[in-house]
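Student: I would like to learn how to read charge pairs and helix packing in a model. Please take me through some cases.

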Amino acid sequence: MAMYPGAGAAPASSVPGNDEYDDFHWDDAAEAELQAIEAAYAKRRRLPDWASPSPSPSSRPRYSQSPVSGGSTPSWMHTPPSFQGNVRARHQPVSFRGKIVYCRTPSEVEKAARDIVGRIETIKAPGPVSLGFDLEWRPFPRRGEPPCKVAVMQLCMEKTLCYVLHIAHSGVPDILKYLLEDNSSIKVGICIDNDARKMLNDYNVCVQPLMDLSILANIKLAGPPKRWSLASLTQMITCKELPKPNNIRMGNWEADVLTKQQLQYAATDAYISWYLYEALQILPDYNAEAEIESVKVA
């Protein structure tokens, strides 16, 4: 069993002494155009139709840290066609920062499963404990071979510790099967029904109970229902980017030993699944009718 410290998120570019710039990256063309706007204010010229006059001509408008609907342009700016593309929101990547416990052998996987079972029992929650759950397998089997079995399972129930189980080598010990089938923990993730079906087909393990984060998000968040991906839901809730590099996502998960990049990728997916569930489940259910009534009253 190997333990690796999680890699921290890459720092966002910023302007020294002003944290308000952290969410946006301004290129030279954008800066030049903004300076031209300020010059127009100073000379009391009529601004282009796409710009909204500021009540304080002497100061540049403050940049919003909130995500901007419909794109990455700051909310104070109505963007002209010629201005599109000059200003881009650059979200800070999210990454698991805690300890990664990597298990390859049956005894290591068994110990990890016992640790998780013990932690769940220690919490003594009134309901099921949330368990971030994700799987990885080799996406393309060799020619003439059946679909590849699940190779890696990731489990996370806190922000400081994540287990990456290389079950392609260890198999599924009885204690892990017990953990996955026990009602004391609710397994959470995106399209988790598909992962549960994959585990049933590959290892005869009935993973339950389950919560699909896409369904939960549609219950909790305003707007029409949509099919959320883990990356899109991460951006919505955290305003950060969930990296999905193809060379890792579609790499060889059946390798004898996973790389540190694979371990970081796997742990981050399980961690963010757990985190999003915890963030969503405390929100009240979205009630469109109540919102319409409140608008009418206002």
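This is a predicted model: local features need pLDDT of at least 70, side-chain atom pairs count only at pLDDT 80 or more; totals for chains, interfaces and linings use all residues.

Student: How many salt bridges does the structure hold?

Tutor: Side chains of opposite charge can pair when their charged atoms come close. The criterion is a side-chain nitrogen of Lys or Arg within 4 Å of a carboxyl oxygen of Asp or Glu. The structure holds nine salt bridges. One of them joins D269 and K244, at 2.6 Å from N to O. D269 lies in helix α9 and K244 in the loop between α7 and α8, 25 residues apart; helices are DSSP runs of H or I, at least four residues, numbered from the N terminus.

Student: Is D269 buried or exposed?

Tutor: Buried means under 20% relative accessible area, exposed over 50%, partly exposed in between (1.4 Å probe, protein chains only). D269 is buried because its relative accessibility is 3%, whereas K244, at 31%, is partly exposed.

Student: At what angle do α6 and α9 pack?

Tutor: Angles run from 0 to 180 degrees between N-to-C directions, with axes fitted to C-alpha atoms over the stretch in contact. Helix α6 (residues 213-220) and helix α9 (residues 260-281) pack at about 25°, their axes 10 Å apart.

Definitions and conventions:
Residues are numbered from 1 along each chain as its sequence is written. Side-chain values use heavy atoms; hydrogens and water are left out. Helices (H or I, at least four residues) and strands (E, at least two) are DSSP runs, numbered from the N terminus.
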